[in-house]
Amino acid sequence: MKFMHRIPYKKLACLVAAGTLSTVAMAETPIIGLITKTNTNPFFVKMKEGAQQKADELGVELRTFAGRYDGDNETQVQAVENLIAAGAKGILITPSDTAGIVPTIQKARDAGLLVIALDTPLSPASAADMTFATDNFKAGEMIGMWAKEKMGDKAKDAKIALLDLSTSQITVDVARDQGFLKGFGIDLKDPKRMGDETDSRIVGNDVTQGSEEGGRRAMENLLQKDPEVNLVYTINEPAAAGAYEALKSFGLEKDVLIVSVDGGCPGVRNIKDGVIGATSMQFPLKMASEGVTAIVDFAKSGSRPSASNGLDFFDTGVQLITDEPVKGVQSVSSKTGLSMCWG
């Protein structure tokens, strides 16, 4: 039998060891999953950017998934199952169906993965190991406080239109609405429910589905109810833009103050252009970045993230953006906001 060229034993041993170490290193590279509602919404695009930046910095592998549309639970379920099979260390998820995804999330946790909900809590919130999100009640409260100070003595005779997301009493929807009312000085009947207030300054609530067209339609409905509306709260900035267009069509855009929540770049530009008086900015990049860090810490030491003081979630911050600052409410200008915004 003829032998091939012989490699010295010591050299062969080194090569084998190097190959083994390389394989082990590859095998030990933690996998982290990011599952968003869609991959087109600018909010989720910024999340993906933040997660990828932090994953690259920490030397972990990020695998990203998204629903085909907002509400696509089936695709999110499949993504969780894929990550379990891949041996991922943890999952970051913005759930499309906050209750429907829970059984699959439990499978992931039973398999030893750390699960962090981003922006939208699961139902119940305890179904995830932690939620990283904006304090939506505080976001609403800040724009309510700003509006009250901005209106001054006129606040006691305000005519308020509330443009919410839907009638389903979704947690984020309720928190922003109720936070705004508290900030404006209106007594809340049940802070966990919208629409049960009896303050005569409230003209009414209508729904927008968070869209510009929805905001326009809801604003028209409430103007029919009371054409003297002079303060408008909106669930988000697209709804605010729609409300402004409706007001403009009646020649009322200069007589009505609009406040909102989100902090997307189009919304901040609308602050600059005078369409929106003030908005509370969220930080989706930070949500995802902090989430990746938490999973890496968990993979290394088994440590789990804890909630912020006084809250049942990890607060990723909120910032009031306005070009008309008022006493007692901290804010930054639209110019600064444009350097911080997303989308």
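Good morning, colleagues. Please keep in mind throughout that the model is predicted.

I begin with the overall picture. The protein has 343 residues, and 49% of them count as buried. Its secondary structure comes to eleven helices and twelve strands. The C-alpha trace spans about 100 × 40 × 35 Å along its principal axes. Among contacts between residues at least 6 apart in sequence, 70% join residues at least 24 apart.

The domain assignment divides the protein into domain 1, made of 31-134 + 284-305, and domain 2, made of 136-281 + 319-339. Taken over C-alpha atoms, the centres of domain 1 and domain 2 are separated by 30 Å. From the UniProt record, an unreviewed entry, comes the feature "domain: Periplasmic binding protein", placed at residues 32-300. In the model, the span 32-300 is 45% helix and 18% strand, and its end C-alpha atoms lie 13 Å apart.

I turn now to strand β1.

Ile 31 is found in strand β1. Its relative accessible area is 9%, so Ile 31 counts as buried. Ala 86 stands 55 residues away along the chain, yet the C-alpha atoms of Ile 31 and Ala 86 are separated by 7.9 Å. Leaving aside neighbours within four places in sequence, the contacts of Ile 31 include Glu 61, Arg 63, Leu 83 and Ala 86.

Ile 35 also has its place in strand β1. Ile 35 is buried, because its relative accessible area is 0%. Its C-alpha atom is separated by 8.1 Å from that of Val 80, 45 residues apart along the chain. With neighbours within four places again left aside, Ile 35 is in contact with Phe 65, Gln 76, Ala 79, Val 80, Leu 83, Ile 91, Leu 92, Ile 93 and Thr 94.

Thr 36 lies in strand β1, which covers residues 31-36. Is Thr 36 buried or exposed? With a relative accessible area of 5%, it falls under the 20% cut-off and is therefore buried. The side chain of Thr 36 reaches the backbone oxygen of Thr 38 at 2.8 Å. Beyond four places in sequence, Thr 36 touches several residues, among them Phe 44, Met 47, Phe 65 and Thr 94.

Next, helix α8. What span should its 13 residues have, and what does the model show? At 1.5 Å a residue, helix α8 (residues 237-249) should span 18 Å, and its end C-alpha atoms are 18 Å apart, so the two agree. At the N-terminal end, α8 is capped by Asn 236, with a side-chain oxygen 3.1 Å from the backbone nitrogen of Ala 239. The helix is followed by Gly 251, whose phi is positive, near 70°. The buried residues of α8 include Ala 239, Ala 243, Tyr 244 and Leu 247. Those buried residues pack against β6, α7, β8, β9, α9 and β10.

Helix α9 leads us to the disulfide. A search of the whole structure finds one disulfide. Cys 265 is joined to Cys 341, with the sulfur atoms 2.0 Å apart. This pair links distant parts of the chain, 76 residues apart: Cys 265 is in helix α9, and Cys 341 is in the segment after α11. The torsion about the S-S bond is about 95°, and the disulfide is therefore right-handed. Cys 265 is buried, because its relative accessible area is 10%. Cys 341, at 11%, is buried too.

I close with the backbone. Most residues other than glycine have a negative phi, and most peptide bonds are trans. Where does the model depart from this pattern?

A cis peptide bond joins Ser 123 and Pro 124, with omega about 5°. Pro 124 is found in the loop between β4 and β5. Asp 119 is also found in the loop between β4 and β5. Its phi is near 70°, a positive value in a residue other than glycine. Asp 119 is buried, with a relative accessible area of 11%.

Gln 209 has a phi near 60°, again a positive value in a residue other than glycine. Gln 209 has its place in the loop between β7 and α7. At 54% relative accessibility, Gln 209 counts as exposed.

Thank you for your attention.

Terms used:
Residues numbered from 1 in each chain as written. Predicted model: local features only at pLDDT ≥ 70, side-chain atom pairs only at ≥ 80, totals over all residues. Heavy atoms only, no water. Helix = DSSP H or I, 4+ residues; strand = E, 2+ residues; numbered from the N terminus. Buried < 20%, exposed > 50% of the residue type's maximum accessible area, 1.4 Å probe, protein only. Polar contact = N/O pair within 3.5 Å; in protein donor to acceptor, adjacent residues only side chain to side chain. Contact = heavy atoms within 4.5 Å. UniProt positions renumbered as here; feature names shortened; annotations may be inferred. Domains from an automatic or database assignment. Disulfide = S-S within 2.5 Å. Expected span 1.5 Å × (residues − 1).
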